Amino acid sequence: MRLTIERMAYGPDGLAHTEDGKAVFVAGGVVGDVVEARVDSEDASLVRATVESVVEASPHRVEAPCPFVGVCGGCPWGALDRKTQLAAKEDNLRSALMRIGKFTADEVAALVRPIRSTRDAWGYRNKVELAPSVERGRVRLGMHGRDPKQIISVGSCPLFEKKYSRAIKAVAGALGYLGNSRDLSLDRVGVRASRRTGAVEVALWTPTGPFPRAHVARVLEDALAPTGIVRVMTKGEQRARRVSKVELLAGEGSWSEKIADGRMRVSAPSFFQVNTAAAEILIDLVMDALKPEPEDLAIDLYCGAGTFTMPLARRCDFVAAVEAYGPAVRDLRHNIDAANLSNVDIIGGDAVKEFPDQDADVLVVDPPRAGLAADAVGLIASTSARDVAYVSCDPATLARDLARFRADGTFRVVSATPVDLFPQTFHCETVVHLTRNN
């Protein structure tokens, strides 16, 4: 069918409509394109299709520096100019707040601030992950394709830190060579690199069991000379594996990064934002919203390895930091000690079940994509916090949670600022400032 792409959906696809008004999500199309598309699936409410040919290219279409745009899953918006990407991300946030949060158009216009972004649209990622596959009896590593079952062999990735552009090819080549002569049982391989500290870590994710540690370390050191090589051993079923141990194979046992006038150590299993410069925008927005004072008590929920905990600790009298994931808790303890910060109470456990007993003047919450548990809003409201900063990575769950805050009535939304942490993708972070109703 011939279609005109009307807008970018919250997802990798462009959105069009059939003549009878049915929504069509079009893979490979950008807003403004006129395309011939092949129907992949159809039901009563929508159609999914893939571009066969571009009949008339959009003025917003650009030549991407990566030949795998649309094939690899890492940069689905790579053929769209960045100005239009930023506008689409703002629009997707507004749409979610209206459709799911039930905010009016006027309220959304008053709340949503212009999107914040960094200079680098490419070369911003401090981490990539490679997946193993076997082709014609030979092991190879590559990026997950748009179809997650497909592995794309790449020599480099223009999203990855430019200073270490050869790292992907070096790691993939070394492990492919090793994997052809012995069973490495690799689940995935993570490569982290920092232009600020020079730290380069290779993390090999495997099940527990025998492993040629010395040989793997030697070959990877010869190929890349990373600052650290670790093996992350996991147990359990494929979809629910848990980390049982992190084993140092060579060099340092963790990766380090400079961020917001501090330095953080992050172990391979721990989460850290893949865009360091944009993460600093998040920190600035959180601090601007909370305006912490030296005598303030703060709570940091879902605190991870300390991205917001440490800036709060430098500004406040005391911080209660809650994190459920064991490796992140250990990293946080190290980071707090290394920074000589003695005013942080680290609480290991679920943010709701282990909600701090102390009161708070300011509070930051940075939940996973699923957003806040239903009980969390009431617990936050039970504090005397004057301001809350909510950092979200999903507009839909954010809109749902803001509707819950509105229904509770303790806090009102002051602003919502989208931040482009993930150029060339549809993903977007948002920092929301809520303040206590008088």
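These notebook entries record what I looked up in the structure.

**Entry 1. Basis**

I worked on a predicted model, in which local features need pLDDT of at least 70 and side-chain atom pairs count only at pLDDT 80 or more, while totals for chains, interfaces and linings use all residues. Residues are numbered from 1 along each chain as its sequence is written, and side-chain values use heavy atoms, with hydrogens and water left out.

**Entry 2. The open sheet**

I took helices (H or I, at least four residues) and strands (E, at least two) as DSSP runs numbered from the N terminus. I counted two strands as paired if DSSP finds at least two bridges between them.

In what order do the seven strands of the open sheet stand? I read the order as β9-β8-β7-β10-β11-β12-β13, with mixed pairing. The edges are β9 (151-152) and β13 (242-251); each has a single partner strand, so one side of each lacks a neighbour in the sheet.

I then looked at β7 (residues 127-135) and β10 (residues 188-193), which run antiparallel and are joined by four bridges. Within β10, G190 is the residue opposite E129.

**Entry 3. Helices on the sheet**

For packing, I used contact in the sense of heavy atoms within 4.5 Å. Axes are lines fitted to C-alpha atoms, for helices over the stretch in contact, and angles between N-to-C directions run from 0 to 180 degrees.

Helix α3 (residues 167-179) packs on the sheet and touches β7, β8 (138-144), β10 and β11 (200-207). The direction of α3 makes about 150° with that of β8. Helix α4 (residues 213-224) lies across β11, β12 (228-235) and β13, at about 60° to β13.

The 12 residues of α4 should span 16 Å, and its end C-alpha atoms are 16 Å apart, which agrees.

For burial, I used relative accessible area: buried is under 20%, exposed over 50%, and partly exposed in between (1.4 Å probe, protein chains only). The buried residues of α4 are V216, A217, V219, L220, A223 and L224. They pack against α3, β11, β12 and β13.

In α3 I picked out A172, which counts as buried at 13% relative accessibility. Residues up to four places away in sequence aside, A172 touches L130 and L141. A172 and A16 are 156 residues apart in sequence, and their C-alpha atoms are 39 Å apart in space.

**Entry 4. Nonpolar cores**

I treated a nonpolar core as a set of buried Ala, Val, Leu, Ile, Met, Phe, Trp, Tyr and Cys residues joined through side-chain atoms within 4.5 Å. Which residues touch the most other members of the largest core? Of its 82 residues, these are L175 and L204. Helix α5 (residues 276-290) gives the most to this core, with nine residues.

Beyond its neighbours within four places in sequence, L175 is in contact with L141, L184, L186, V189, L204, V216 and L220. Another core, of 34 residues, lies apart from the largest one and includes L111, V388, L398 and A416.

**Entry 5. Strand β22**

Is β22 (residues 429-436) enclosed or open? Seven of its eight residues are buried, so β22 is largely enclosed by the rest of the structure.

Strand β20 (residues 387-392) runs antiparallel to β22 and is joined to it by six bridges; S392 stands opposite T430. Strand β21 (residues 411-419) also pairs with β22 in the antiparallel sense, over eight bridges, and the partner of F411 is R436.

**Entry 6. Positive phi**

Most residues other than glycine have a negative phi. I noted these exceptions. K102, not a glycine, has a positive phi of about 65°; K102 lies in the loop between α1 (82-99) and α2 (105-111) and counts as exposed at 59% relative accessibility. N340 has a positive phi near 55°; N340 is in the loop between α7 (326-338) and β18 (344-348) and counts as exposed at 70%. A225, which follows α4, has a positive phi near 55°.

**Entry 7. Cysteines**

I searched the whole structure for disulfides (pairs of cysteine sulfur atoms within 2.5 Å) and found zero. For C66, the nearest cysteine sulfur is that of C75, 4.6 Å away; C66 is buried, with a relative accessible area of 12%. The sulfur of C428 is 11 Å from the closest cysteine sulfur, in C393, too far for a bond. C428 is buried at 5% relative accessible area.

Notes:
Expected span 1.5 Å × (residues − 1).
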